Amino acid sequence: MRVWPGSAYPLGATWDGSGTNFAIFSEVAELVELCLFSEDGDETRVALSEVDGFVWHCYLPDVGPGQRYGYRVHGPYEPRRGHRCNPAKLLLDPYGKAVDGDVRWDPALYSYTPGGDPSVLNRTDSAPFMPKNIVINPYFDWAGDQQLRTPYHETLIYEAHVRGLTLRHPQVPPELRGSYAGLASPPVIDHLRRLGVTAIELMPVHQAVPEPFLVERGLTNYWGYNTIGFFAPHHGYASATAAHGQVAEFKSMVKTLHQAGIEVILDVVYNHTAEAAELGPTLSFRGIDNAAYYRLADDDPSVYLDYTGCGNSLNVRHPHALQLIMDSLRYWIEQMHVDGFRFDLASALARELHDVDRLSAFLDLVQQDPLVSQVKLIAEPWDVGEGGYQVGRFPPLWTEWNGKYRDTVRDYWRGTPGQLPELASRLTGSSDLYETSARRPVASVNFVTCHDGFTLADLVSYDHKHNEANGEGNRDGTDDNRSWNCGAEGPTDDPEILALRQRQVRNFLATLFFSQGIPMLLAGDELGRTQRGNNNSYCQDNEISWVDWDAAAKHADLTDFVATLSALRRAHPVFRRRRFFSGQAGGSADGQRDIVWLGPSGAEMSDHDWHAGHAKAIAVCLNGDAITEPGPRGERISDDDFILLVNAHGEPVTFTIPPTVGAPGTTWRVVVDTGQVPALAATGGTRLAVAGGAVGGDPSPGAPLTVGLAPRSLVLLRGALEPS
């Protein structure tokens with residue numbers, strides 16, 4: 001075999017149309033061998049003699065796409081010094097663009113003999129049990145495709161799992177179900193467009209492996225938060241027809257979604273890897289340069305620091321680990337055309353010596369990078385370490401999963417006392433969290449449910465988690481669900497309980513869509529999806545987690561409700577403001593303030609009203625003529641007036657709206673009433689609720705409006721000047 005010196009850049013295996021350059025970083029290595037595998041598994045080793053800046057490299061003019069490969073690294077095996085090299089272990093390329101095959105769990109995958117002395121080397125060859133990297137053909141006809149750059153304030157995020165979204169869809173061809181191609185198939189795209197989705201946030205698609213303890217139970221890591229390849233799309237999501245490879249299929253998916261106006265956001269897990277704690281397997285990073293890639297305890301480098309709860313933390317203090325993250329992000333932007341990222345346990349990436357630091361090297365690099373800084377960046381602003389809860393504390397460039405929004409909205413609608421001040425902040429974009437750092441309402445990604453926890457149907461059906469299927473004695477998963485079963489645990493035939501649950505679901509959805517910020521919808525919530533009370537379905541690759549499309553007809557009204565809420569938000573800029581409310585007129589022609597808060601009596605909320613623990617009802621008056629931010633061409637933005645009425649009491653509440661709310665002559669129409677079935681009118685408000693200036697009561701002009709709300713319900717009134 002011809003072996004040329006090649007180049008130290010770029011890292012990974014890069015085919016240039018003639019041959020392939022291989023490059024891998026290891027500061028601790030004494031020798032690195034590139035291992036090439038034939039179709040029948042025969043291994044050919046190529047010793048890399050060229051080393052520049054700790055990057056070992058060569059160029060093989062006779063190697064092209066489809067070649068399977070891995071590495072063996074010779075060097076010290078001294079766990080107490082943080083070094084864990086073992087040439088008997090075949091290692092995946094940290095920069096590998098594709099992976100073929102799966103890990104077959106065997107003692108050979110460990111650098112020590114499981115159950116024995118961890119300091120004694122296990123010399124059994126792991127290659128027969130390891131997947132292999134594949135050299136890819138990077139060329140793809142994008143036909144002019146590029147990132148969509150949908151403005152944040154126009155964004156609706158749909159969080160979904162590639163496999164679970166389509167595996168049971170009857171209109172997706174069987175050979176495409178559960179795949180990238182299936183996700184981009186016409187019936188799925190039609191559904192997303194009907195809901196008004198502008199961005200699909202995919203749960204991890206980086207190459208992942210299941211933990212051995214799950215495999216022993218007959219389970220798997222379905223969610224995929226156990227990455228082993230930060231450049232490779234997970235091969236398990238390639239379709240049965242993907243002879244062209246998972247990389248090209250992923251690109252085709254992105255291209256097709258872009259053509260439908262839908263962005264692709266990836267949930268990325270750079271905080272840890274699948275190699276687990278110090279007694280975990282040696283699959284890649286550990287055997288290449290353990291001390292460079294992992295955070296080790298200063299007083300005992302044989303021990304890993306764990307801010308993730310998964311056994312290890314990536315060493316963001318090391319320049320090559322940081323380079324790995326940044327190179328991966330740029331690769332998915334440049335070569336895969338994705339539109340943004342949601343960073344799992346993002347606080348772990350911002351830890352310097354120990355504490356989360358807004359001036360950390362990772363956050364600085366993201367801020368300065370001309371590519372990464374220009375896509376959507378969403379932090380999960382917490383980890384499991386001390387001081388890891390950082391909601392509201394990420395830099396201005398970032399948006400955040402607003403965990404306080406989720407908790408407040410859940411607490412309010414289940415009837416927890418004293419929630420009105422918190423609810424007001426969450427409805428208006430959480431200025432208490434973001435305004436002081438020059439951020440906007442769109443810094444808040446609002447959600448009531450996500451993959452982690454109850455689905456929306458389960459949130460109103462269970463008081464307690466039911467995770468027995470996970471095989472951990474129901475000890476896994478959070479106990480802080482802030483849920484309410486409405487009177488019965490789990491399935492019931494009681495019509496009153498079922499009606500209340502449906503009303504609560506509508507309350508949650510309407511609150512989400514009428515809050516300032518970026519709404520995020522969990523896939524299947526619009527179809528009444530249940531996980532049977534499981535709030536930690538990470539290991540359930542079955543009907544517990546998959547979206548049940550057969551239930552779509554049964555829940556057609558709910559899907560219509562979500563689609564109409566989305567259309568309302570899209571049509572009315574007063575619900576997606578780019579600036580926070582000021583409480584002032586803001587240039588309004590009628591001189592009225594941009595927002596007014598009223599109690600049920602019609603009087604403005606006083607300090608006493610805000611802090612009355614028993615109070616659970618409020619009116620939010622939004623002035624569509626007082627929007628201060630201009631349109632994209634500098635034009636003035638004006639909208640209709642709206643009044644949002646919410647009642648979390650267990651009994652009816654009658655609201656009085658004084659005639660001073662809204663311009664003289666305003667006609668008010670009910671466009672949403674979650675206490676009714678059907679719960680909504682058409683986008684423009686087809687059901688007349690105001691005659692001569694009153695909703696019920698005195699119909700004479702100038703009389704106050706009176707609006708009755710059912711127990712635990714929400715009403716949205718739209719006000720407009722209409723010809724007599």
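Predicted model: local features only at pLDDT ≥ 70, side-chain atom pairs only at ≥ 80, totals over all residues.
Residues are numbered from 1 along each chain as its sequence is written, and side-chain values use heavy atoms, with hydrogens and water left out.

Let's begin with the pockets. A 1 Å grid is laid over the protein atoms alone; a pocket is an open set of points with protein on both sides within 12 Å along at least five of seven lines, a cavity is a set where a 1.4 Å probe fits but cannot get out, and lining residues have an atom within 4 Å of a point. Points are joined across faces, edges and corners, and a volume is the space filled by probe spheres set on them.

The largest pocket comes to about 1200 Å³. It has 44 lining residues, and those nearest its centre are Trp223, Thr308, Val384, Asp452 and Asn536. Two elements give two or more residues to this lining, α4 (212–216) and α9 (403–413). Of these, α9 gives the most, with 3 residues. (Helices are DSSP runs of H or I with at least four residues, strands are runs of E with at least two, and both are numbered from the N terminus.) By class, the lining splits into 20 nonpolar, 14 polar and 10 charged residues. Here Ala, Val, Leu, Ile, Met, Phe, Trp, Tyr, Cys and Pro count as nonpolar, Asp, Glu, Lys and Arg as charged, and the others, Gly among them, as polar.

Next comes the second largest pocket, with a volume of about 1100 Å³. Its lining is made of 36 residues, with Ala457, Gln502, Gly528, Lys554 and His555 nearest the centre. The elements that give it two or more residues are α12, α13 and α14 (556–571), and the largest share, 5 residues, comes from α13. Sorted by class, this lining has 16 nonpolar, 8 polar and 12 charged residues.

The largest cavity holds about 130 Å³ of space. Its lining has 16 residues, and His161, Met203, Tyr222, Arg529 and Ser545 sit nearest its centre. Both β12 (157–160) and α1 (162–166) supply at least two residues of that lining, which by class has 8 nonpolar, 6 polar and 2 charged residues.

Now for some single residues. Val460 belongs to the loop between α12 (456–459) and α13 (495–513). Its relative accessibility is 3%, so Val460 counts as buried; buried means under 20% relative accessible area, exposed over 50%, and partly exposed in between, using a 1.4 Å probe and protein chains only. Leaving aside residues up to four places away in sequence, Val460 touches Trp484, Asn485, Cys486, Arg501, Gln504, Val505 and Phe508, where contact means heavy atoms within 4.5 Å.

Ser313 sits in another loop, between α6 (285–293) and α7 (319–334). Ser313 counts as buried because its relative accessibility is 3%. Its side chain reaches the backbone oxygen of Leu305 at 3.2 Å. With residues up to four places away in sequence left out, the residues Ser313 touches include Asn271, Tyr293, Arg295 and Thr308.

Gly41, in the loop between β3 (31–37) and β4 (43–47), is partly exposed, with a relative accessible area of 39%. Between Gly41 and Gly631 there are 590 residues of sequence separation and 61 Å in space, C-alpha to C-alpha.

On to helix α10 (residues 420–427), which is mostly covered, with 6 of its 8 residues buried. The buried ones are Leu420, Leu423, Ala424, Ser425, Arg426 and Leu427. After α10 comes Gly429, with a positive phi near 100 degrees.

Last, how many disulfides does a search of the whole structure find? It finds 0, with a disulfide being a pair of cysteine sulfur atoms within 2.5 Å. Take Cys35: the closest cysteine sulfur, in Cys58, is 11 Å from its own, too far for a bond. Cys35 counts as buried because its relative accessibility is 0%. The sulfur of Cys310 is 13 Å from the closest cysteine sulfur, in Cys539, so that pair is too far apart for a bond. At 31% relative accessibility, Cys310 counts as partly exposed.

Notes: Polar contact = N/O pair within 3.5 Å; in protein donor to acceptor, adjacent residues only side chain to side chain.
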